Amino acid sequence: MAGIQEVYDLVVKGKAKLTAPAVSEALDAGCAPAEILNQGMIRAMDEVGARFKAGDIFVPEMLVAARAMKKGVEVLKPHLAAGTAGAAGKVIIGTVAGDLHDIGKNLVAMMLESAGFEVIDLGVDVPVQTFLDTVSANPDTRIVCCSALLTTTMPALRDTVAALNAAPFRSGIKVMVGGAPITQEFSDEIGADAYTEDAASCAQRAKELIA
């Protein structure tokens, strides 16, 4: 009989094909859906994030674990109380104008979902106005994550954060930035609330920001 521990182990190992059936079995065995999500999958991704930070695993392993969790969440969603899967809050994420890199952004989006956030992914090459319009259309947004992966798009990141900082909704959101050329110093200089150097740290920091 698969239980929550098995779901946990499968997500940590990134066994996407086995995670969904294990979640179904755990549900059939009477495990509470929220417990499978929190104790099985979110706890597993916390472990994966910790191993990544320690240098024990790398991006490919993190990606397969996040994919396994996604498969599990698909099975679980109909059984969760409305909003439980995105219970941590709503996050808007995108790569800034002129930048077409999305692997890092996609990984951050997956890690945020794994941490219980509802993620609106705007994709790449996102104009400043799109960030502003999306926050306005989603007044319950808690965090806006902007990434720049090229030194040449750092000015676009600066412009995006400046526009968010000037927006009337600014006091209700946190702005996070990241990407290969971005540093804590640059984040401070442009007025972002937080900078993280990798996807695992981003999910952790996001939880702290809205706590």
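So, Ala199: this residue lies in helix α9, residues 199-209. Helices here are DSSP runs of H or I with at least four residues, strands are E runs of at least two, and both are numbered from the N terminus. Before I go on, this is a predicted model: local features need pLDDT of at least 70, side-chain atom pairs count only at pLDDT 80 or more, and totals for chains, interfaces and linings use all residues. Residues are numbered from 1 along each chain as its sequence is written, and side-chain values use heavy atoms, with hydrogens and water left out.

Back to Ala199, then. Is it buried or exposed? Ala199 is buried, at a relative accessible area of 7%. Buried means under 20% relative accessible area, exposed means over 50%, and partly exposed is in between, with a 1.4 Å probe and protein chains only. Once you set aside residues up to four places away in sequence, Ala199 touches Met62, Leu107, Val108 and Met111. Touching, or contact, means heavy atoms within 4.5 Å. Val175 sits 24 residues from Ala199 along the chain, and their C-alpha atoms are separated by 15 Å.

The expected span is 1.5 Å times one less than the number of residues. The buried residues of α4 include Met62, Leu63, Met69, Val73 and Leu76. And what covers them? The cover includes α1 (4-13), α2 (16-28), α3 (33-53), α5 and α9.

Now the sheet. There are 5 strands, it's open, the order is β2-β1-β3-β4-β5, and the pairing is parallel. Two strands pair if DSSP finds at least two bridges between them. At the edges you have β2 and β5 (194-195), each pairing on one side only. β4 and β5 pair over 2 bridges, in the parallel sense, and there Met176 stands opposite Ala194 in β5.

7 of its 7 residues are buried, so β1 is largely enclosed by the rest of the structure. In a regular strand the side chains alternate between the two faces of the sheet. Here Gly89, Val91, Ile93 and Thr95 point one way, Lys90, Ile92 and Gly94 point the other way, and all are buried. The chain then crosses from β1 through helix α5 (residues 103-114) to β2, and this β-α-β crossover is right-handed. That means that with the strands pointing away from the viewer, the path from the first strand over the helix to the second runs clockwise.

On one side, β1 pairs with β2 (residues 117-121) in the parallel sense over 5 bridges. β1 is also joined to β3 by 6 bridges, again parallel, with Ile92 opposite Val144 in β3.

Someone will ask about the lysine in there. Lys90 is in strand β1, and at 11% relative accessible area Lys90 is buried. Across in β2, Glu118 stands opposite Lys90. Leaving aside neighbours within four places in sequence, Lys90 is in contact with Glu118, Ile120, Asn138, Asp140, Thr141, Arg142 and Ile143.

Next, helix α7, residues 154-166. It has 13 residues and reaches 18 Å from first C-alpha to last, close to the expected 18 Å. Its buried residues are Met154, Ala156, Leu157, Thr160, Val161 and Leu164. They cover an arc of only 155° around the axis, which puts them on the same side of α7; the arc is that of the directions from the helix axis to the C-beta atoms. These buried residues pack against α6 (128-137), β3 (141-147), β4 (174-178) and α8 (184-190).

Cys145 is buried at 4% relative accessibility, and Cys202 is buried at 5%.

Last stop, Asp125, in the loop between β2 and α6. Most residues other than glycine have a negative phi. Asp125 has a positive phi, near 55°, and at 38% relative accessibility Asp125 counts as partly exposed.
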